[in-house]
Amino acid sequence: MPPVKSFFIACFAAILLQGCASIFNGSTQTFAINTTPSDARITITNRAGKQVYAGRSPGSVTLARGRGYFKSEVYKVRIEKEYCETTEIYLTPRVSGWFFANFAMFGGFWGMLIIDPLTGAMYTLLPEQIDEKLPPWGGDQSAAEGRLNIVLLEDVPPALMQSAKRLN
């Protein structure tokens, strides 16, 4: 077979074995994680409750979009910082517009029913970026402004209790 003909056959086969979402999205998605204040503890768990990431902000993490054939993944991002409220954010899937491009473009049948659903590339996880402002412990700005907060002893986080001083 002439080399030019082999090249075109190889290119055509590569196009048929890809879906549009696989080409443009990929099977993973990278997220930037920023918090104010910085140096917050970040823990990410998947739908099954398995921890898939632990780190500190700022940072970035790459997560799988899917968890099997026509199955999307959902992640819970837990953000913790001493003297701040704990925050949880869910990364939830949406079907990517590139998945529907299989009708008009490269992937066709193979991309829409096999490649994109199998790789998870048919999904986009939202929000695409995490930029979280952590509220001070107590739910308002009074602690940050130096005002006095009166709370029940059992509601005080252990980390804050370690630095507490008894007043007589």
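In which loop is the place of Glu 128? In this predicted model, whose residues are numbered from 1 along each chain as its sequence is written, Glu 128 lies in the loop between β9 and β10 (130-133), where strands (E, at least two residues) and helices (H or I, at least four residues) are DSSP runs numbered from the N terminus. Local features were considered at a pLDDT of at least 70 and side-chain atom pairs at a pLDDT of 80 or more, while totals for chains, interfaces and linings use all residues, and side-chain values rest on heavy atoms, with hydrogens and water left out. Residues up to four places away in sequence not being counted, Glu 128 touches Gln 29, Thr 30 and Phe 31, contact meaning heavy atoms within 4.5 Å. The C-alpha atoms of Glu 128 and Thr 30 are separated by 8.1 Å, although these residues are 98 residues apart along the chain.

Strand β9 also belongs to an open sheet of five strands, which is ordered β3-β2-β7-β8-β9 with antiparallel pairing; two strands are taken to pair if DSSP finds at least two bridges between them. Because β3 (51-56) and β9 (123-126) stand at the edges, each with a single partner strand, one side of each is left without a neighbour in the sheet. On average, and with direction ignored, neighbouring strands of this sheet are turned by 20 degrees against each other, the axes being lines fitted to C-alpha atoms, for helices over the stretch in contact, and angles running from 0 to 180 degrees between N-to-C directions.

Strand β2 (residues 41-45) is joined to β3 by five bridges in an antiparallel arrangement, and Thr 45 has Gln 51 in β3 as its bridge partner. Five bridges likewise pair β7 (residues 75-80) with β8 (residues 87-95) in the antiparallel sense, with Val 77 standing opposite Ile 89 in β8. These two strands form a hairpin with six residues between them, and in the turn Tyr 83 has a positive phi of about 70 degrees. Strand β8 is in turn joined to β9, antiparallel, by four bridges, Thr 92 standing opposite Leu 126 in β9.
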